[in-house]
Amino acid sequence: MKDLNEQAFMQLFKEVCRKCFGHTLTQPLSETDSKLLASKIFEQTGLVIGVKSIKNYSNYILSPLDAKKENPSAATLDTLARYVLNAPETDELQRKSKESHFPYWFEYRNGFTSSNQAENMPGPARQTGKVTRKKWLLAVSAILVVAVAFFAVNFLFTRKSQVFFTDDFNSVATDTLEKKGWIIKQQDGTYWNRRHLQNGHLTLFTLVGDNWPDTAKPKLKGIKNLLVRKIDSDCFSTEIHLTGFVPNSSWQQAGILLAEDSTFTGKALRLSIGYNDFFGGYSNPAEVLIQAVGSVIADNRSKPEEIAHVVLFSGNPQKDSLIAGNLSKSALKIEKKGTQYRFLYSTGKMENFAFKEAARGDFSIQPRYIGIFAMQGYAETEKPLTVSFDSFSLFEMDCSN
């Protein structure tokens with residue numbers, strides 16, 4: 001039989017998952033879900049639990065006989081308990097100074113232990129315990145009914161509950177994507193039919209086109225195979241993860257696109273990783289860069305403004321294995337709170353490289369649609385390059401913070 005510490009840990013982790021995802025833990029967490037949970041724990045508690053650890057805990061709890069035994073530290077258990085018990089936000093320095101005895105973990109464990117002991121009491125003592133517990137449960141139930149009614153009404157009028165959406169692209173069948181809320185715009189059958197080129201990924205191609213029109217090339221208007229979905233949140237965070245995308249010809253790029261209307265021709269913001277070798281006649285090394293551009297004027301005849309231009313690498317990616325290696329895993333992220341935006345990126349050989357901020361700013365745009373794309377702008381020669389999307393996530397953030 002598992003000791004009470006281990007039982008308490010398992011129950012605690014299940015409660016953490018239920019709080020974050022709104023349902024019980026029925027299967028091991030994916031990489032994306034583990035990242036989301038780690039992010040939510042950090043956002044609420046100010047403390048960090050590694051993505052890999054979270055994923056391993058879910059494997060062990062669902063298959064304790066098959067998976068490697070997990071022994072989380074008291075600090076980790078305290079962080080999980082803080083999340084479940086809605087403890088005040090802190091950081092490691094403050095906790096070490098004021099709460100090094102990990103009070104929230106022991107509070108949770110003692111409650112769990114008391115509950116188990118009550119259930120295992122002999123005859124009369126157990127009956128007395130049951131009567132007391134029944135009264136207590138009735139009182140709690142009455143309070144819960146009132147609380148649920150209050151929050152239900154509050155939800156209808158303020159819509160404070162958080163909305164999550166993740167897609168690991170384990171299936172990219174058209175009907176599956178549509179059931180998940182994706183809309184495919186400007187479908188190019190030839191390349192769209194190759195979207196399942198890499199298992200567990202959505203494969204798009206850098207075809208000629210752009211969401212901002214070029215009056216000299218009106219027939220090229222729009223982005224082919226643009227994947228779009230609605231946004232219902234005023235404050236949100238969204239990110240994409242790419243595998244092995246190494247652009248090598250102007251203006252190959254892939255990224256996230258936000259827009260106020262479904263045509264993507266008005267106010268818009270775009271974050272992408274791309275390639276540039278045009279310098280107005282000057283001779284400079286080609287560059288792989290992170291670029292954020294936007295237009296906060298509804299008239300699509302207005303030129304976009306460059307918000308961020310972060311050079312990641314200079315040189316020829318086709319000849320430099322270091323560049324290709326450091327682009328094995330890349331990710332882009334946009335955070336929005338009110339009119340405040342943050343644009344972030346990550347590159348490296350491993351999935352867990354931290355995000356860096358490319359830019360932030362105040363923009364008068366209220367996006368209602370989000371798109372993920374691959375394109376080559378209005379290049380003279382189309383050089384389709386595969387872009388493998390490993391995952392996409394979108395979740396609502398608290399606007400009041």
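Visitor: Where is the place of glutamate 70?

Guide: This is a predicted model. In it, glutamate 70 sits in the loop between helix H3 (51-62) and H4.

Visitor: Is glutamate 70 buried or exposed?

Guide: Glutamate 70 has a relative accessible area of 16%. The cut-off for buried is under 20%, so glutamate 70 counts as buried.

Visitor: Which residues does glutamate 70 touch, not counting residues up to four places away in sequence?

Guide: Those residues are Asn56, Tyr57 and Tyr60. As for phenylalanine 9, which is 61 residues apart from glutamate 70 along the chain, the two C-alpha atoms are separated by 10.0 Å.

Visitor: Next, the helices. At what angle do the axes of H2 and H4 cross?

Guide: Two packed helices are described by the angle and the distance between their axes. Here helix H2 (residues 31-45) and helix H4 (residues 74-84) have axes that cross at roughly 75° and come within 10 Å. H2 and H4 are therefore roughly perpendicular to each other.

Visitor: Which residues in H2 meet which residues in H4?

Guide: From H2 there are Lys40, Ile41, Gln44 and Thr45, and these meet Thr79, Leu80, Arg82 and Tyr83 of H4. By class, the residues of this contact are 3 nonpolar, 3 polar and 2 charged.

Visitor: How many residues of H4 are buried?

Guide: The count is 9 of the 11 residues, so H4 is largely enclosed by the rest of the structure. Among the buried residues of H4 are Thr76, Leu77, Asp78 and Val84.

Visitor: Now the strands. In what order do the 7 strands of the open sheet lie?

Guide: Strands of a sheet pair through backbone hydrogen bonds, in either a parallel or an antiparallel sense. In this open sheet the order is S2-S4-S13-S6-S7-S8-S9, with antiparallel pairing. Strand S2 (183-185) and strand S9 (305-314) are the edge strands, each pairing on one side only. On average, neighbouring strands of this sheet are turned by 20° against each other, direction ignored.

Visitor: How many bridges join strand S7 to strand S8?

Guide: There are 9 bridges between S7 (residues 268-276) and S8 (residues 287-295), and the two strands run antiparallel.

Visitor: Which strand pairs with S10 over 8 bridges?

Guide: That is strand S5 (residues 236-243), in the antiparallel sense. In this pairing glutamate 239 stands opposite lysine 333 of S10. S10 is also joined to strand S11 (residues 340-348) by 9 bridges, again running antiparallel, and alanine 331 stands opposite serine 346 in S11. Strand S10 (residues 329-337) is mostly covered, with 7 of its 9 residues buried.

Visitor: Which residue in the hairpin of S10 and S11 takes a positive phi?

Guide: Glycine 338 does, with phi near 65°; the hairpin has 2 residues between the strands.

Visitor: Which residues other than glycine have a positive phi?

Guide: Most residues other than glycine have a negative phi, and most peptide bonds are trans. The exceptions here include phenylalanine 169, with a positive phi of about 55°, and asparagine 225, with phi near 55°. Asparagine 225 is in the loop between strand S3 (202-205) and strand S4 (226-230), and is buried at 4% relative accessible area. Another case is asparagine 86, which follows H4 and has a positive phi near 55°. Among peptide bonds, the one from serine 250 to tryptophan 251 is cis, with omega near -20°. Tryptophan 251 lies in the loop between S5 and strand S6 (253-259).

Visitor: Finally, how many aromatic pairs does the structure hold?

Guide: It holds 11. In one of them, phenylalanine 165 and phenylalanine 392 have ring centres 6.1 Å apart and planes at 55°, so the pair is tilted. Phenylalanine 165 lies in strand S1 (residues 164-167) and phenylalanine 392 in strand S14 (residues 386-396), so the pair ties together parts 227 residues apart in sequence. Both phenylalanine 165 and phenylalanine 392 are buried. The rings of phenylalanine 169 and tryptophan 182 have centres 6.3 Å apart and planes at 35°, so that pair is tilted.

Visitor: Which residues form one aromatic cluster?

Guide: The cluster consists of Phe165, Phe169, Trp182 and Phe392. Phenylalanine 169 is buried at 1% relative accessible area, and tryptophan 182 counts as buried at 2%.

Definitions and conventions. Residues are numbered from 1 along each chain as its sequence is written. This is a predicted model: local features need pLDDT of at least 70, side-chain atom pairs count only at pLDDT 80 or more; totals for chains, interfaces and linings use all residues. Side-chain values use heavy atoms; hydrogens and water are left out. Two strands pair if DSSP finds at least two bridges between them. Helices (H or I, at least four residues) and strands (E, at least two) are DSSP runs, numbered from the N terminus. Axes are lines fitted to C-alpha atoms, for helices over the stretch in contact, and angles run from 0 to 180 degrees between N-to-C directions. Angles under 35 degrees count as roughly parallel, over 145 as roughly antiparallel, 65 to 115 as roughly perpendicular and the rest as oblique. Contact means heavy atoms within 4.5 Å. Ala, Val, Leu, Ile, Met, Phe, Trp, Tyr, Cys and Pro count as nonpolar, Asp, Glu, Lys and Arg as charged, and the others, Gly among them, as polar. Buried means under 20% relative accessible area, exposed over 50%, partly exposed in between (1.4 Å probe, protein chains only). Rings of Phe, Tyr and Trp (its six-membered ring) pair if their centres lie within 6.5 Å; planes under 30 degrees apart count as stacked, over 60 as edge-to-face and the rest as tilted.
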